[in-house]
Every structure is written in structure tokens, then in C-alpha cells.
Amino acid sequence: MKVGGVVAFCGAGLSAESGIPTFRGSEGLWGKYDPQKYASAKGIIDLFCEDTFDLANFIADFYKVLLSAEPNFSHHSLAKLESLGFLKGVITQNIDNFDYQVGLQNVSEVHGNAYVFFCPKCGFRLKKNKNEIDELVSGIKKCKKKIELMTFILRFMGRCESCRDRLFTGVVLYGQSLREKDMDLAYSYLDNAKTVICIGTSGVTYPAASFPYYAKKKGLKLIVVNPESTEIDEIADFVINKKAVNFFQELMPLISSD
Ligand code: OAD
């Protein structure tokens, strides 16, 4: 099989070895927190008004995991493959910012980014750094009264620099449409690729899960890297049942920079 113009379509499994549990794994966030409540705009706004401390616990749990994790060998391998010209783009469902941390240039974060705060009205994006998010986590722990906590969270989120509306999380929430800019970028990668490699995704969350089907329809070769079977396997040309890190450990010595 010839592999050319490769695009990576990634999911939570890519970051599993960084210590971030996958969403649907036994340690996953969705086992502890109902995504309809904690990852939908209505759920979050309701929690903010009615059970602010519960929301604050979720925010702290969510960010503590991200703050303590670092990109792993798989992320660094993707960056190396891009710099050598093999990898043309990364379409990621991950919100952990690792792709940028390792210096990848061509990335479409179709589910947003946990460090970004977003203006739903005009699309303005404000990216916070790890120290700022750390201050959010420690700050909410110090608030004793509901009104104090509400004010702290709102101040942290801030307002849009252009339209002054309140910023909201840059993560795409349940029930929200994926952002056009990121979708267009993802499709442009696929339209110019010959091969898609789906790494560490269960392929069950739509519309992102439709990318492999789009690619297949366009005649691209499809490779799946996942220790478990996935929804995508039946249309894949090649299924590699390995953890991402093990796959890259075997692949990278074969890649020549000449
Ligand atoms: P899932 O939790 O649904 O699936 C993770 C996949 O990673 C599974 O297929 C695992 O078998 C695989 N996996 C686990 N460890 C791995 C490893 N070390 N190497 C490679 N693969 C491994 O996560 P996603 O498919 O990313 O959406 O889920 C898609 C979306 O559903 C997420 O972006 C999130 C969630 O709801 C939003 O937050 C909007």
C-alpha cells in the first residue's frame, strides 16, 4: 500500500499516555460527570446559577488533569512527521492544546481548545496560559460564598475585546455546532490528502466521526491505530491494534529525514 499526503484524525487515545483518561474509558470524565449536564451550554449555565460549587468542582477536576499532563511521544512524532513534510494536517477532537505545545503548525481543533475562551457572538478567541488556568483552579477553591464564586468565575472568563459580550469556554459543547472555520480547515486537509490515519478515537461522536467516511468516499486510504476495535474499522484499509505510543515507537525509526 502506498501512503501519501497523510492527515491524522485524532481522539482522546492519543493523549491517554499523557495521563488524560479517554472520555469513554473506565476512568473517563463522562463516567463521573454526565456530559449532558456538565458539557452542554444549558447545563453549564443552569449549574452556574443553581449549583455553582458543583460546577466549580467539575472545572477544578477537569483542569487539574490537563494542567498536570504533558504531550507524549505520539504528539512529538506527529510534529516531527509534519516538519519532515510527511504529515499535511492534524484534525483533532482533543482540547488539551498538546498539538500546539509540540509545535504542530497545521491543526484543526474541531472540538475547540480548553485554554481558549470564545465569544459566541463574534468569534473572538482569547487563549489563556497554564499559569492563568492554574489561578482559576486555585481561585475557585478559595471562594467560600456562592456570590464570591460566581463573580470570580465571570471575572476570569472576561469579556470580548471587540463586542464586550461575555466570553464562554472555547470547548465545543454538546448540542453546539462545530465551528465553521475549523470544519473548513479539516475538509481542506482531507481534500488534499491521500491517506488518513485515525489515531485513538472511538469514532462515535458526530459530526467529527464522519471525517473517515468523507475521506473514504473521496478515495483516500484509511488507517486505524487503536488498541481496541472501533466503528471505523469496517471501512479501514488497515487496522493496527496498538497503542499510539507503541505504533510511533515502531514507525519513527523507519522515517528518514533525507
Ligand atoms: P473516546 O473516549 O470515545 O475514545 C477513545 C479511544 O481511544 C478508544 O477507541 C480507545 O480504545 C482508544 N485508546 C485508548 N488508549 C489508547 C492509546 N494508548 N492509544 C491509542 N488509542 C487508545 O474518545 P474520542 O473518540 O476522542 O467531545 O471521543 C470523541 C469526543 O467524544 C471527544 O472529543 C469528546 C467526547 O464527548 C467533546 O468534548 C465535544
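**A walk through the predicted chain**

The protein chain exposes about 13000 Å², and carbon and sulfur atoms supply 52% of that surface. The model behind these values is a predicted one, and every value quoted below was computed from its atoms. Of the 258 residues of the protein chain, 51% count as buried. In charge, the protein chain has 31 positive and 30 negative side chains, and the centres of these two sets lie 4 Å apart.

Turning to the overall fold, the protein chain has 11 helices and 9 strands. Its radius of gyration is 19 Å, close to the 18 Å that the globule rule gives for 258 residues, so the protein chain is as compact as a globular protein of that length. Taken along the principal axes, the box filled by the C-alpha atoms of the protein chain is roughly 60 × 35 × 35 Å. Among contacts in the protein chain between residues at least 6 apart in sequence, 67% join residues that are at least 24 apart.

Gly43, Ile44, Leu47 and Phe48 are buried in helix H3. These residues cover an arc of only 135° around the axis, which puts them on the same side of H3. On the face of H3 turned away from its buried side are the exposed residues Lys42 and Glu50. As for what the buried side meets, the buried residues of H3 pack against helix H2 (35-38), helix H4 (52-68), H8 and S6.

Leu136 lies in helix H7, which spans residues 130-142, and Leu136 is buried, with a relative accessible area of 4%; the cut-off for calling a residue buried is under 20%. Leaving aside its neighbours within four places in sequence, Leu136 is in contact with Ile59, Tyr63, Phe152 and Phe156. The C-alpha atoms of Leu136 and Ile153 are separated by 7.7 Å, although these residues are 17 apart along the chain.

Ile133 is also found in helix H7, and Ile133 is buried, with a relative accessible area of 0%. When its neighbours within four places in sequence are left aside, Ile133 is in contact with Tyr63, Leu67, Ala114, Tyr115, Phe117, Lys128 and Phe156. Tyr115 is 18 residues from Ile133 along the chain, and the C-alpha atoms of this pair are separated by 7.5 Å.

Most residues other than glycine have a negative phi, and most peptide bonds are trans. Asn97, which is not a glycine, has a positive phi of about 75°. Asn97 lies in the loop between strand S2 (87-92) and helix H6 (98-101), and Asn97 is buried, with a relative accessible area of 12%. Arg164 is not a glycine either, and its phi is positive at about 70°; its place is in the loop between helix H8 (146-157) and strand S6 (168-171). The peptide bond that joins Tyr206 and Pro207 is cis, with omega about 5°, and Pro207 is found in the loop between strand S7 (195-199) and helix H10 (211-217).

Two further loop residues bring the reader back to the surface. Ser229 lies in the loop between strand S8 (221-225) and strand S9 (238-240), and Ser229 is exposed, with a relative accessible area of 65%. From Ser229 to Ile240 the separation is 11 residues in sequence and 9.5 Å in space, C-alpha to C-alpha. Gly19 has its place in the loop between strand S1 (6-10) and helix H1 (29-32), where Gly19 is partly exposed, with a relative accessible area of 49%. Gly19 and Leu222 are 203 residues apart along the chain, and their C-alpha atoms are separated by 27 Å.

Note on methods:
Residues numbered from 1 in each chain as written. Predicted model: local features only at pLDDT ≥ 70, side-chain atom pairs only at ≥ 80, totals over all residues. Heavy atoms only, no water. Helix = DSSP H or I, 4+ residues; strand = E, 2+ residues; numbered from the N terminus. Buried < 20%, exposed > 50% of the residue type's maximum accessible area, 1.4 Å probe, protein only. Rg over C-alpha atoms; globule rule 2.2 N^0.38 Å. Contact = heavy atoms within 4.5 Å. Areas by Shrake-Rupley, 256 points an atom, 1.4 Å probe, with all protein chains shown as cover. Lys, Arg positive; Asp, Glu negative; His and termini not counted. Charge placed at Lys NZ, Arg CZ, Asp CG, Glu CD. Arc of directions from axis to C-beta.
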